[in-house]
Amino acid sequence: MRGSSGQPAAGAELRLSGVTKRFGEFTAVDNLDLTVPQGSFFALLGPSGCGKTTTLRMVAGLEEPTEGLVLLGEQDITRLRPYKRPVNTVFQSYALFPHLNIAENVAFGLRRRGIKDVREQVAQMLALVELDGYDKRKPASLSGGQQQRVALARALINRPQVLLLDEPLGALDLKLRRQMQLELKRIQTEVGITFVHVTHDQEEAMTMADTIAVMNAGRVEQLGPPAQLYDRPATTFVANFLGQSNLVAAEVTGRSGDELLVEVHSRVLAVPLDRAAVHAGAVWVGVRPEKISLVQAGTAGGAAVGRHNVLPGGIVSDVSFVGVSTEYLVRMPWGQELTVFAQNTGDRSPFAAGDRVELQWGAAHTFLLDAEQDSRAGVQDVATGEPAPAGVGG
Amino acid sequence: MSLAAEVGPAGPTPARQPARSRSRRSRRTALLLLAPGALWLLVFFALPTVQLAATSLYDPSGSLETGYALTFHWQNYLDVLAVYRDQFLRSFLYAGIATVLALLLGYPLAYAIAFKSGRWKNLMLVLVIAPFFTSFLLRTLAWQAILADNGFVVDSLKAVGLVPTDGRLLATPVAVVTGLTYNFLPFMTLPLYASLEKIDHRLVEAAHDLYSSAFTAFRKVTLPLSMPGLVAGTLLTFIPAAGDYINAELLGTPKEYMIGNVIQSSFLVRLDFPQAAALSFLLMIAILVLVMAYVRRAGTEELV
C-alpha cells in the first residue's frame, strides 16, 4: 500500500482530451473531452454502442485512441502499455483466471509487480469484499455475486489511481445488483480511489455516481451530478434516457420577468429562464411524470401555491397500479398521451380510465429543449430495457 | 478427479423412493450405452491381451509347427530386455525428441490458428489435417525422396555447410526423427488448438491489466490454460511414436531400428512368438508407467 491511510499516493485526476476512436468507417468515440476528479465516483452512462466501453478500454490501455490524449495528472498515458498503467479494471465478465484459486487471483497483480509476501494484503482485501475463507476455492465454484467481488478485490488490491468498472453488475439479478450497488459505493468511500463506472442502467448510475456523463453516439450529451441531470436535462436524449419525460411541442411567445412564456396548443405555460435550453422559436416543453398532479376537470389551480402550469382537457386512457404509485396515461386534446406518476398516499381516490382530468405542476419543474432534437431520442423500450431505435415517433 | 468433485454433491440427496428408482433406471441406461463398446473391447482388446500375455510366457523352444507349451517362462522377458535394450532406449529417445520437436512446431502453429488466423481459420485447420488424406506409408516414402542423397534438401544444406559434403540425411537418426515429427505433428497440433481456442481472450486482457507483459501473460494464463491440450498432444504423439516402425524402416537403417521394428520382425519374419509377445508387453508397460508419471506430474486433474 502506498499511503498509510490506504489513500492512493498521487492525487491525480483523469483527463481525456479530444479523444477519438474509429474502427474502420465507424466512429465509436467522437472528440471526447472529459475530466474525472481524483477520488470521485464517475459514471459513463449510455445505451449499448454509445462508445462508453471503448472509452473505458482506452483508459485501461486495451484500445489505442485514433486521436487525442489520455492524461493521468500530468502524465500522458495515451500510448502506455496496459500493464504499465496505474489503472485496473473490473471486467464485465469478471475474467477471473479459472486455473487459479481465489487467493491467487487476487494476488495476481501484486505478484506480477514482484511483491513476495502477499498473504496479509490478500486477506485484508477478501475481508473488504466479505469473502473471508474463500481463498482456496476456484472461481467456478463461486456464485456470480461472489465472482464479481473477487474481480473487484483483484483490481483494488493494486491500489490503482483509477479503477475502471465495465458494467460490473450486468450479470447479476436485480436484488443482488441493488445490494452490490450499495456495496460498491461503500468500498469506494472506504478506499477513496477514483472509480470510473460504465453502465447502461440509469438507476445504477444515479444511485452510485457523484458525477454522470451521459453518452450517446460517441459524444457526451450532458455531464453533471445525478440530481442536476435529472432535474435539468439539456437534451431530449438525457430527458428520456435518465428517467422519463413528457415532451410537448410548443412555441416561445414572450417573456415575463425571469420566466419565458410558451404556447402549447393555445395554452400559455411559464418556464424559468435558467431552465430553458433555447429562448426562442419552436421548443419542447418538458416535465417529469412524477412532478404532475392530476386533478378533476375544472378544479386546477385551486389549492396551488406559487406559479403553476395547467394543461386541461385530458382524458385518462390507461391506469397501472404499481404499489407505491399509480401510473396514468392521459390523452390530451391534441392526441398526445402524457405520463403521470401519482404517489399512492391514500389522500384521494384514484382516477379511472375515461375520467376527465387536468394536469398541473409547478412552473419551476418545467424545462425547455430545442425542438430540432428528436423528442423520442433515448426512450427506453420497456420490454427490453434497450433504447428504442432513433427517429421513432416525433 | 474434477469429475468426481462435480458429481459428488449429487450423492447425498434425500434417498426417497421415486428418486432411487429413477437413479436405478438411469444406471441401467448407462450400462446399456456402455455395452456395445465394452463388448467390442472385450473381444478385440481384453481377450487378445490375455492371449498375448500367455504367449509371452510360452516355452521358447516351441515353434509354429510343433506348438507351444505354456510354462510360465518368465525368462523370456529378461532375454529380450538383454538383447534389445538398445532398441528400447532408442525408441523412447527418438519418440521423446520427436515429441519435443512436434510441440515446438505445433504450439506456435496451434496458437496462430486459434488466435491470429481470422477468416483463414478453417482453411488452416484443413491444411493441418490434409496429410491424412494420403496414407501414412506414402507420406513416409515421400520423405525418402525429399531426404534422398541427391535431393534438393541435402544439396541446399550442403551448400550452406549444415551437412558435410560427404554427409547424408537419409539413413540417419535425423531422418527417422524428422519423419516421426512430421507424421505425428497433427496429433500434437489439433488438441493444442482445441485447448487454445477455448481460452477467453478477456483473460489475457485481464492479465495485461494486472501488470503482465505479453510474455508473462502467456506464461501465467495462456500456457496453464492450454495444459490439457498440451498433455493430450504430447501423449498422442509420444505413444504411437514410441511403437512406430515405419519411419525407422523407410528412413533409417538397422542401426536406427526401434523396438517396433524388432517386434515386427520377430512376429512376422523370425516367427518367434514368445519373444515378440514379451517385447510387446514390455513396451506397453513401459509406456504406461511413463504416461502415468507424466500425467501425475502435469497435474491435469487440477485443470478446468
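Start by selecting B:Phe44: at 55% relative accessibility, B:Phe44 counts as exposed. The model you have open is predicted. B:Phe44 sits in helix 2 of chain B, residues 17-56.

Now widen the selection. B:Leu39, B:Trp40, B:Leu41, B:Leu42, B:Val43, B:Phe44, B:Phe45 and B:Leu47 make up a nonpolar surface patch. Together they have about 880 Å² of accessible area.

Next, go to B:Pro274, in helix 14 of chain B. Buried or exposed? B:Pro274 counts as buried, because its relative accessibility is 0%, and the cut-off for buried is under 20%. Show what touches it. Beyond neighbours within four places in sequence, B:Pro274 contacts B:Thr55, B:Ser56, B:Tyr58, B:Asp59, B:Pro60, B:Tyr68 and B:Asn76. Then pick B:Leu105. From B:Pro274 to B:Leu105 is 40 Å, C-alpha to C-alpha, and 169 residues in sequence.

Move to helix 13 of chain B, residues 259-268. Seven of its 10 residues are buried, so the helix is mostly covered. Select the buried ones: B:Ile259, B:Gly260, B:Asn261, B:Val262, B:Ile263, B:Ser265 and B:Ser266. Their cover includes helix 4 (85-116), helix 11 (227-243), helix 12 (246-251) and helix 14 (273-298) of chain B.

Last stop: helix 5 (residues 121-129) and helix 8 (residues 173-198) of chain B. Their axes come within 9 Å and cross at roughly 155 degrees. That makes helix 5 of chain B roughly antiparallel to helix 8 of chain B. Which residues make the contact? Helix 5 of chain B supplies B:Lys121, B:Leu125, B:Val128 and B:Ile129. Helix 8 of chain B supplies B:Pro186, B:Thr189, B:Leu190, B:Tyr193 and B:Glu197.

Terms used: Residues are numbered from 1 along each chain as its sequence is written. Chains are lettered from A and ligands numbered from 1 in the order in which they are written. This is a predicted model: local features need pLDDT of at least 70, side-chain atom pairs count only at pLDDT 80 or more; totals for chains, interfaces and linings use all residues. Side-chain values use heavy atoms; hydrogens and water are left out. Patches are made of residues with over 30% relative accessible area and no salt bridge: like charges are joined within 9 Å, nonpolar side chains (Val, Leu, Ile, Met, Phe, Trp, Tyr) within 5 Å. Accessible areas come from the Shrake-Rupley method with a 1.4 Å probe; for residues, only the protein chains shown count as cover. A salt bridge is a side-chain nitrogen of Lys or Arg within 4 Å of a carboxyl oxygen of Asp or Glu. Helices (H or I, at least four residues) and strands (E, at least two) are DSSP runs, numbered from the N terminus. Buried means under 20% relative accessible area, exposed over 50%, partly exposed in between (1.4 Å probe, protein chains only). Axes are lines fitted to C-alpha atoms, for helices over the stretch in contact, and angles run from 0 to 180 degrees between N-to-C directions. Angles under 35 degrees count as roughly parallel, over 145 as roughly antiparallel, 65 to 115 as roughly perpendicular and the rest as oblique. Contact means heavy atoms within 4.5 Å.
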